[in-house]
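Please keep the structure in view while reading the points below.

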Amino acid sequence: EHEDETSLRATIILDASASMGYAGTAGESKLMHAKRLAAGLAYLLIGQGDSVGLAVVDRSVRDLVPPRSGAGHLRHIAAAITKAEPGGETALADVIDLVEARLQRRGLIVLISDLMDQATPLIRALARLRHGRHDVAVLHVLHRDELTFPFADWTRFEGLEHSAEAIADPAHMRAAYLDALQAWRDELADGCRRQRIDLAMVPSDEPCGRQLAAWLGTRAAA
């Protein structure tokens, strides 16, 4: 009973929306990187005796594993992570509320996502978790293409969650894109800071083990 009261209860929200399937011309997709982060985090937490749950989401909760501990439960978590594939449109603000409604106790909630949603409703949804006395952290997964917009030749851009497409000269778009990206990231960072939400950028082309170690080290030092 004492162990149940003192151990951490964590829920990992894994974004498996269509936009997470982006992999560029080489390397692994954002979703694959997010899956590695989720599996590594679950392994570390369960290894220290904590309870871990998992919610795989896009515009709805596609899979939900309630928080438990133990090696057998880690296998259930791993199986749910392994079968997660890119799905429907992103609706993070709504789906966060759905996940919280299913949580029986407060604890740590870690959202692993590209956050491809409007910043204001997303911050409000995360703030509701904080008001529910949850510890909230966000691991923001972006592809290097999204961070640097490296395209040089005329390129056909296709929407992963919508049917829109356009053929354009990237040179005429790069400055406006990077400005919009920075404004969006600044809005997310400011909102998380105001709500005391831990936000960390984890590009999909960097080793996830190193990213987890750095993030956990920052949390331990806070």
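The points that follow cover a helix pair, a surface patch and several salt bridges.

The model is predicted. A search of the whole structure finds 12 salt bridges, and a selection of them is described here. Helix α2 (residues 30-47) is the place of Leu44 and also of Lys30.

**Helices α2 and α3**

- The axes of α2 and helix α3 (residues 71-83) come within 10 Å and cross at roughly 175°.
- Because angles over 145 degrees count as roughly antiparallel, α2 and α3 are described as roughly antiparallel to each other.
- On the α2 side, the contact is made by Lys35, Ala38, Ala39, Ala42, Tyr43 and Ile46.
- On the α3 side, the residues in this contact are His73, Leu74, Ile77, Ile81 and Thr82.

**His73 in α3**

- His73 lies in helix α3.
- With a relative accessible area of 7%, His73 is buried, since buried means under 20%.
- Leaving aside neighbours within four places in sequence, His73 is in contact with Ile46, Val52, Val65, Pro66, Pro67 and Arg68.
- Ile46, one of these partners of His73, belongs to the α2 side of the helix contact.

**A nonpolar surface patch**

- Tyr43, Leu44 and Leu216 make a nonpolar surface patch of about 290 Å².
- Leu44 is placed in helix α2 and has a relative accessibility of 39%, so it counts as partly exposed.
- Tyr43 belongs to this patch and is also named among the α2 residues that contact α3.

**Salt bridges between pairs of residues**

- Side chains of opposite charge can pair when their charged atoms come close.
- Asp58 and Arg62 meet through their side chains in a salt bridge, with an N to O distance of 3.1 Å.
- Within this pair, Asp58 counts as buried at 6% relative accessibility, whereas Arg62 is partly exposed with a relative accessible area of 34%.
- Asp63 forms a salt bridge with Lys83, and the closest N and O atoms are 3.4 Å apart.
- Lys83 is exposed, with a relative accessible area of 58%, because exposed means over 50%.
- Asp135 forms a salt bridge with Arg219, and here the closest N and O atoms are 2.6 Å apart.
- Asp135 in strand β5 (residues 135-140) and Arg219 in helix α8 (residues 208-221) are 84 residues apart, and this pair also links distant parts of the chain.
- Asp135 counts as partly exposed at 32% relative accessibility, and Arg219 is partly exposed with a relative accessible area of 26%.

- Lys30 is placed in helix α2 and is buried, with a relative accessible area of 0%.
- Not counting residues up to four places away in sequence, Lys30 touches Ser19, Met20, Tyr22, Asp114, Met116, Val141, Leu142, His143, Glu146 and Ser204.

How values were computed:
Residues are numbered from 1 along each chain as its sequence is written. This is a predicted model: local features need pLDDT of at least 70, side-chain atom pairs count only at pLDDT 80 or more; totals for chains, interfaces and linings use all residues. Side-chain values use heavy atoms; hydrogens and water are left out. Patches are made of residues with over 30% relative accessible area and no salt bridge: like charges are joined within 9 Å, nonpolar side chains (Val, Leu, Ile, Met, Phe, Trp, Tyr) within 5 Å. Accessible areas come from the Shrake-Rupley method with a 1.4 Å probe; for residues, only the protein chains shown count as cover. A salt bridge is a side-chain nitrogen of Lys or Arg within 4 Å of a carboxyl oxygen of Asp or Glu. Helices (H or I, at least four residues) and strands (E, at least two) are DSSP runs, numbered from the N terminus. Buried means under 20% relative accessible area, exposed over 50%, partly exposed in between (1.4 Å probe, protein chains only). Axes are lines fitted to C-alpha atoms, for helices over the stretch in contact, and angles run from 0 to 180 degrees between N-to-C directions. Angles under 35 degrees count as roughly parallel, over 145 as roughly antiparallel, 65 to 115 as roughly perpendicular and the rest as oblique. Contact means heavy atoms within 4.5 Å.
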